[in-house]
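Dear colleague,

I am passing on the structure below, together with notes on what was found in it. Please read the notes beside the coordinates.

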Amino acid sequence: MEEILALGEPLVEFAAEQRGRLSSVTAFRRGWGGDTSNFVVAAARMGASVGYITRLGGDEFGRSFLNLWRKEGVDASQVIVDHDGFTGLYFIALEEAGEHDFTYYRSGAAASRLQPQDMDPAYLGAARVFHTSGISQAISDSTRATVDAAVDLAKSRGVLVSYDANVRPKLWPLATAQSVIKATISRTDVVFLSTEDAEYLYGGMRAEDVANHVLAAGPRLVVLKQGAGGCLIGSTEGAPIQVPGWQVQVLDTTGAGDAFDAAFLVEWMRGTPLEKAGRFANAVGALTSTGLGAVHPIPTRARVEVFMTQVETGTTKGGSTE
Ligand code: KDG
């Protein structure tokens, strides 16, 4: 039995090794991405027992994901391999200040064939938390229906639902994203939003107002991820808490938000007070943005603890995973 399960699409990653447009970049580092896969790897590195639900292509890239999850201790017993399907992929173009632009090749990939019958209710029902995202809902109608069914099942079995809006206007029309994501937020226990997500969903609202608005829709916890600015945690149990970020040398922010979600959830599930959980998750997000690509730079718990102690005692200015 795994304490945390996630559902979504793993994507093979090609991260540009030079800044600039993809048309001029000639060297890429091959890694792994896909928001919910990044999330399970990060949760495993934080020490949680985790499992993943998806469909993979019966190709070399699919095999490399199975190897990754095995190595990281992520349970993939429920992952279906589509022998006639392929694993989706994306390229990261690096822009200024760690910002990036994604180019996807994922339409029709195995994960977009996921359907509600692919889930084992007993497997999902035995978890403590189920995590999914707006990206998982964006990739196809059947995957969206699977997310819906999983959220219903989790709620009926008393499994907490965690949700990252991860708005990606390249994947679906913004109006559809807004209505599907807002409807899902109202059925969720813990919500994660980046500053960009909040802007797409609640354009122009101040962070505290976004938090209150989300809490009024039903969730008990909402975490607004503000990058170098840290995070704002809103909860039904008290006033919003602003938690400062950590200063690091940012190379690429890909996956930092997914690693943040995992770190925050794992701490919260262990009973860590919200502010401390936010501080820890901020450090995990910051360290993840010091390296190239989504998965390679996600730190282990031991690495995060060393980093936090070093910064707190003034023995270092920032971390780097490169
Ligand atoms: O959060 C990082 C992800 O966005 C990245 O790994 C690729 O899953 C991805 C997506 O769909 O954008």
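A salt bridge here is a side-chain nitrogen of Lys or Arg within 4 Å of a carboxyl oxygen of Asp or Glu. This is a predicted model, in which local features need pLDDT of at least 70 and side-chain atom pairs count only at pLDDT 80 or more, while totals for chains, interfaces and linings use all residues. Residues are numbered from 1 along each chain as its sequence is written, and side-chain values use heavy atoms, with hydrogens and water left out.

On that criterion the structure holds 18 salt bridges, and three of these pairs are described below.

One of them joins Glu267 to Arg301, with the closest N and O atoms 2.6 Å apart. Glu267 belongs to helix α9 (residues 256-269) and Arg301 to helix α11 (residues 301-312), so this pair ties together parts that are 34 residues apart in sequence; helices (H or I, at least four residues) and strands (E, at least two) are DSSP runs, numbered from the N terminus. Both residues, Glu267 and Arg301, are buried, where buried means under 20% relative accessible area, exposed over 50%, and partly exposed in between, using a 1.4 Å probe and protein chains only.

Helix α9 itself is mostly covered, with 13 of its 14 residues buried. The expected span of a helix is taken as 1.5 Å times one less than its number of residues; for the 14 residues of α9 this should give 20 Å, which agrees with the 20 Å between its end C-alpha atoms. Just after α9, Gly271 takes a positive phi of about 90 degrees.

A second pair is Arg55 with Asp118, whose side chains meet at 2.9 Å, N to O, in a salt bridge. Arg55 lies in strand β5 (residues 55-57) and Asp118 in the loop between β9 (100-105) and α3 (121-125), so the contact ties together parts that are 63 residues apart in sequence. Arg55 counts as buried at 12% relative accessibility, and Asp118 counts as buried at 15%. These two residues also belong to a network of salt bridges that links Arg55, Asp82, Asp84, Arg113 and Asp118.

The remaining pair is Arg29 with Glu17, where the closest N and O atoms are 3.9 Å apart. Arg29 lies in strand β3 (residues 28-33) and Glu17 in strand β2 (residues 11-19), so the pair ties together parts that are 12 residues apart in sequence. Here Arg29 is partly exposed, at 29% relative accessibility, and Glu17 is also partly exposed, at 43%.

With best regards
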